[in-house]
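Entries follow in the order I looked things up.

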Amino acid sequence: MDIGPWGLSNCVDGKQARQRTWKYTKPLNIPIPFSPKIADVTEVHTLQIKEVSGWLLEIVITTDAPKGDTFKVVNQVLCMRGTSAGSCSLRVTMTVEFLKNVGFLKGAIQGGALKDTVKHWGEEVSAVLRASLAGSSPDAAAEDNKDTEVAALPSSAAPAPKHSFAPLLLPGLMALGALLVVGLLFTLAYTGWQSLLRVQQSMVEAMELLVKAQEQLVSLQAARAGEQCTQGSLQ
């Protein structure tokens with residue numbers, strides 16, 4: 001995992017924001033032979049607002065997994081100071097921005113991204129709450145529970161979040177498998193039709209041979225009848 005330092009983003013409307021980039025690899029579980037086992041993931045964190053009352057962080061996620069060049073996931077994390085001491089509110093919004101036309105896979109990709117975002121941030125908030133109730137740091141709570149990781153945003157020492165792209169890929173792979181099955185059935189049907197045509201052609205050739213044999217037999221009978229008539233006239 002490569003966590004870049006905080007820097008300044010490109011100037012937009014005369015404003016710049018703090019920005020950093022995370023790069024890491026993610027294992028893929030694609031049940032198709034010769035499919036990639038890992039994917040490179042890039043996250044661009046932009047701290048758009050940082051004030052006493054709270055902060056707003058935008059996370060843009062891209063990957064080089066199959067079909068990963070057709071979309072990007074954008075998370076916006078808004079943290080606001082609460083009315084009571086030591087309290088705050090956290091709001092996470094997720095959108096999928098499509099870069100290319102994906103056809104019928106659009107709904108599946110959006111559903112998979114939403115499910116993954118809810119799962120990830122649910123784990124993050126649960127870890128922070130457990131750490132707060134236990135009176136320990138989020139890192140200590142994550143050490144006690146191996147199934148969760150804490151990203152102390154916007155700390156630069158935070159571990160990489162668990163973004164799984166498998167829910168986004170499986171619907172497309174299932175559709176691809178269905179197309180392959182249909183193609184195989186079409187090939188078998190076409191092969192069977194060609195075999196049937198060859199059988200019919202063989203039957204037609206056999207009938208032609210039979211007709212020729214019958215014609216030869218009729219000619220032979222006619223020749224024998226003519227010979228018998230000639231012999232009768234001579235006698």
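I checked burial first. Buried residues are 28% of the 235 residues in the protein chain; buried means under 20% relative accessible area, exposed over 50%, and partly exposed in between, with a 1.4 Å probe and protein chains only.

I noted the ground rules. This is a predicted model, where local features need pLDDT of at least 70, side-chain atom pairs count only at pLDDT 80 or more, and totals for chains, interfaces and linings use all residues. Residues are numbered from 1 along each chain as its sequence is written, and side-chain values use heavy atoms, without hydrogens and water.

Next, surface. The protein chain exposes about 15,800 Å², and carbon and sulfur atoms supply 61% of that area (Shrake-Rupley method, 1.4 Å probe; for residues, only the protein chains shown count as cover).

I then looked at contacts (heavy atoms within 4.5 Å). Of those in the protein chain between residues at least 6 apart in sequence, 43% join residues at least 24 apart.

I listed the elements. I found 3 helices and 7 strands in the protein chain, as DSSP runs numbered from the N terminus: helices are H or I with at least four residues, strands E with at least two. The order from the N terminus is β-β-β-β-β-β-β-α-α-α.

Which strands pair with S3? Pairing takes at least two DSSP bridges between two strands.

- S1 (residues 2-3) runs antiparallel to S3 (residues 18-27), with 2 bridges. Asp2 sits opposite Lys23.
- S2 (residues 7-8) is antiparallel to S3 over 2 bridges. Gly7 has Gln19 as its bridge partner.
- S4 (residues 38-51) is antiparallel to S3, joined by 10 bridges. Here Lys23 faces Thr42.
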